[in-house]
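Subject: A structure for you to explore

Hello,

Here is the structure I promised to pass on to you. Please open it next to this email and follow along as you read.

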Amino acid sequence: MIGFVIWLFVGIAFIAMGIFDCTAKTTVPFGFWANAKNIPVEEKDVPKYNRAVGKLWIIYGILLILFGIPLLAKQNSSWIIITVLGTMVESILAMVVYVTVIENKYRSRHVH
């Protein structure tokens, strides 16, 4: 039970970050990758880019919580494989969506 509660808080943190990204009134694009330089985004596209990244984080957080449900099963349950594989696949898909859809759509083609 404690493991699921911690898992739940992590999922809620991702959802909160996504909501913040979606609603922020900033001209700075939010980053997706940790410790990496943000992609160049046209100033007029920054709100749409941030909203797209925010939606990705919200979906990620919701799925993360759902994949954590097997943690509620008894200790040493084989259902944990759903949590492990689901989180792995979800993380890879989030990266693929970011690179192929969001980054591809909003990356500025102009050299600054």
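Let's begin with Asp21, which counts as buried because its relative accessibility is 5%, and the cut-off for buried is under 20%. Please keep in mind that the model is predicted.

Where does Asp21 sit? You will find Asp21 in helix α1, which covers residues 2–23. Leaving out residues up to four places away in sequence, Asp21 touches Phe30, Asn50, Arg51, Val53, Gly54 and Trp57.

In soluble globular proteins, nonpolar side chains tend to be buried together. The largest nonpolar core here has 15 residues, and the members that touch the most others are Val41, Tyr49, Val53, Leu56, Tyr98, Ile102 and Tyr106. Two elements, α2 (46–67) and α3 (80–106), each give two or more residues to this core. Helix α2 supplies the largest share, eight residues.

Apart from its neighbours within four places in sequence, Tyr106 is in contact with Pro40, Val41, Glu42, Asp45, Lys48, Tyr49 and Ala52.

Now for the aromatic rings. A pair of aromatic rings is described by the distance of the centres and the angle of the planes. How many aromatic pairs does a search of the whole structure find? The search finds 10. One of them is the stacked pair of Phe14 and Trp57, with 5.3 Å from centre to centre and 15° between the planes. This pair links distant parts of the chain, since Phe14 belongs to helix α1 and Trp57 to helix α2, 43 residues apart. Phe14 is partly exposed, at 22% relative accessible area, while Trp57 is buried, at 11%.

Phe14 also pairs with Tyr60: the ring centres are 5.0 Å apart and the planes lie at 75°, so this pair is edge-to-face. Again the pair links distant parts of the chain, with Phe14 in helix α1 and Tyr60 in helix α2, 46 residues apart. Tyr60 counts as buried, at 12% relative accessibility.

Finally, which residues do the ring pairs link into a cluster? They are Phe14, Phe32, Trp33, Tyr49, Trp57, Tyr60, Tyr98 and Tyr106.

Enjoy exploring, and write back with any questions!

Best wishes

Note on methods:
Residues numbered from 1 in each chain as written. Predicted model: local features only at pLDDT ≥ 70, side-chain atom pairs only at ≥ 80, totals over all residues. Heavy atoms only, no water. Helix = DSSP H or I, 4+ residues; strand = E, 2+ residues; numbered from the N terminus. Buried < 20%, exposed > 50% of the residue type's maximum accessible area, 1.4 Å probe, protein only. Contact = heavy atoms within 4.5 Å. Core = buried A, V, L, I, M, F, W, Y, C linked by side-chain atoms within 4.5 Å. Phe/Tyr/Trp six-rings, centres within 6.5 Å; stacked < 30°, edge-to-face > 60°.
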